Amino acid sequence: MCDRSPKVPAERLVAEMVPPPRFDGVRFDTYVPDPTQPSQQEAVTLLREFAAGLGGAHAAGAGRRGLFRRRPRPEKRSGPRGVYLDGGYGVGKTHLLASLWHAAPAGPEQKAFGTFVELTNLVGALGFQQAVATLSGHRLLCIDEFELDDPGDTVLVSSLLGRLVDEGVALAATSNTLPGKLGEGRFAAVDFLREIQGLSAHFRTARIDGRDYRHRGLPEAPAPHDDETVTRAAYRTAGATLDAFPALLAHLATVHPSRYGAMCEGLGAVCLTGVTPVPDQATALRLVVLADRLYDREVPVLASGVPFDRLFGEEMLNGGYRKKYFRAISRLTALARDAGGLADAAR
């Protein structure tokens, strides 16, 4: 991966605001609610109704227009224009958000889906006013992993959403309850509604309870492999990359996070040797973004060194960005399980 430094034009950032490949085929019907968690089925019902309420004059779409050409203004609709999914890790919030995007009765060019980080990157690439103009022709904007830990970015996105609501754009968002606050009801929802200030009246909130599906009935995170196994697997796997973990961390500092997705395109696997605890917070946050993009694209990760649950020190896991670190651990663990067959074949 250290040889990859893609250049991504702003037009591509907009065009790629769709559910990631992992969620291409998800629908409400493919979500399997936990029968012991009624809030999961309630969330499905709420989102189905929300999607049905998005129909209107522009729902059929009029074809993709140029990036900087003004689009017809969507019709405003009555009732809440936003829905917010509050819950812990791995309860299927992204699955449901992507299902909403697929179910919304509008053409792909009138719907946008991205993470909070991707949305802030888009504003950085286009500028605030042009981002408003570009997204205001949409019927629906879905924001996954809304982050409440950066006041500046939160205010930026809150301002953007306010302008889009005025243009009649419907909103949907998810975020994670902090690990230390699980079981305390609507902690994340209360924070979310406070931070978006004047927009809170436009959102209906839905709490989704449950265990992380990535770990239901599955063994603990697989133990790391030795360097020889990882190296052998890299050479035997089509499209695999092989990097020393410290070198990869250094390379990530040279690539803007908005380009990490492009950096992961076409990979068959990521093989890492010498994984060690991440040395500082800036490096850790870059690694979180990479983990998200790898998980989106279902790229297996085979590694030697320390287990992924030891990537981030206690100070990080107890600090303000801990929700990101717990998510990264969960997702990297899932990708490490996916890579198990590569290691077996290399032995």
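A network of salt bridges links Glu145, Asp292, Arg327 and Arg331, a salt bridge being a side-chain nitrogen of Lys or Arg within 4 Å of a carboxyl oxygen of Asp or Glu. The model is a predicted one, in which local features need pLDDT of at least 70 and side-chain atom pairs count only at pLDDT 80 or more, whereas totals for chains, interfaces and linings use all residues. Residues are numbered from 1 along each chain as its sequence is written, and side-chain values use heavy atoms, with hydrogens and water left out.

Helices (H or I, at least four residues) and strands (E, at least two) are DSSP runs, numbered from the N terminus. Arginine 327 has a relative accessibility of 3% and therefore counts as buried; aspartate 292, with a relative accessible area of 5%, is buried as well. Here buried denotes under 20% relative accessible area, exposed over 50%, and partly exposed the range in between (1.4 Å probe, protein chains only).

Helix α13 itself comprises 17 residues (322–338) and reaches 24 Å from its first C-alpha to its last, close to the 24 Å expected at 1.5 Å a residue; the expected span is 1.5 Å times one less than the number of residues. Because 14 of its 17 residues are buried, α13 is largely enclosed by the rest of the structure.

The structure holds 11 salt bridges. In one of them, the side chains of arginine 48 and aspartate 29 meet with an N to O distance of 2.6 Å. Arginine 48 lies in helix α2 (residues 38–52) and aspartate 29 in the loop between α1 (10–15) and α2, so the pair ties together parts that are 19 residues apart in sequence. Arginine 48 is partly exposed at 38% relative accessibility, while aspartate 29 is exposed, with a relative accessible area of 67%. A further salt bridge joins the side chains of arginine 232 and glutamate 228 (3.0 Å, N to O). Both of these residues lie in helix α8 (residues 227–236), where they are 4 residues apart, about one turn of the helix. Arginine 232 counts as partly exposed at 25% relative accessibility, and glutamate 228 is exposed, its relative accessible area being 53%.

Burial also characterises two of the strands. In strand β1 (residues 82–87), 6 of the 6 residues are buried, so the strand is largely enclosed by the rest of the structure. Both of its faces are covered: Gly82, Tyr84 and Asp86 are buried on one side, and Val83, Leu85 and Gly87 on the other. Strand β1 runs parallel to strand β5 (residues 203–208), to which 6 bridges join it; two strands pair if DSSP finds at least two bridges between them. Phenylalanine 203 of β5 is the bridge partner of glycine 82.

Strand β2 (residues 111–115) is likewise largely enclosed by the rest of the structure, because 5 of its 5 residues are buried. Its covered faces consist of Lys111, Phe113 and Thr115 on one side and Ala112 and Gly114 on the other. Strand β2 pairs with strand β3 (residues 140–144) in the parallel sense over 5 bridges, with leucine 140 in β3 as the bridge partner of lysine 111.

In helix α5 (residues 128–135), the buried residues are Ala131, Val132, Thr134 and Leu135. They cover an arc of only 165 degrees around the axis, which puts them on the same side of α5; the arc is that of the directions from the helix axis to the C-beta atoms.

Threonine 273 is located in strand β7 (residues 269–275) and counts as buried at 15% relative accessibility. Leaving aside neighbours within four places in sequence, threonine 273 is in contact (heavy atoms within 4.5 Å) with Asp227, Val230, Thr231, Leu242, Asp243, Ala244, Phe245, Pro246 and Ser304.

A search of the whole structure for disulfides, defined as pairs of cysteine sulfur atoms within 2.5 Å, finds 0. Cysteine 264 is buried, at 1% relative accessibility, and cysteine 271 is buried at 0%.
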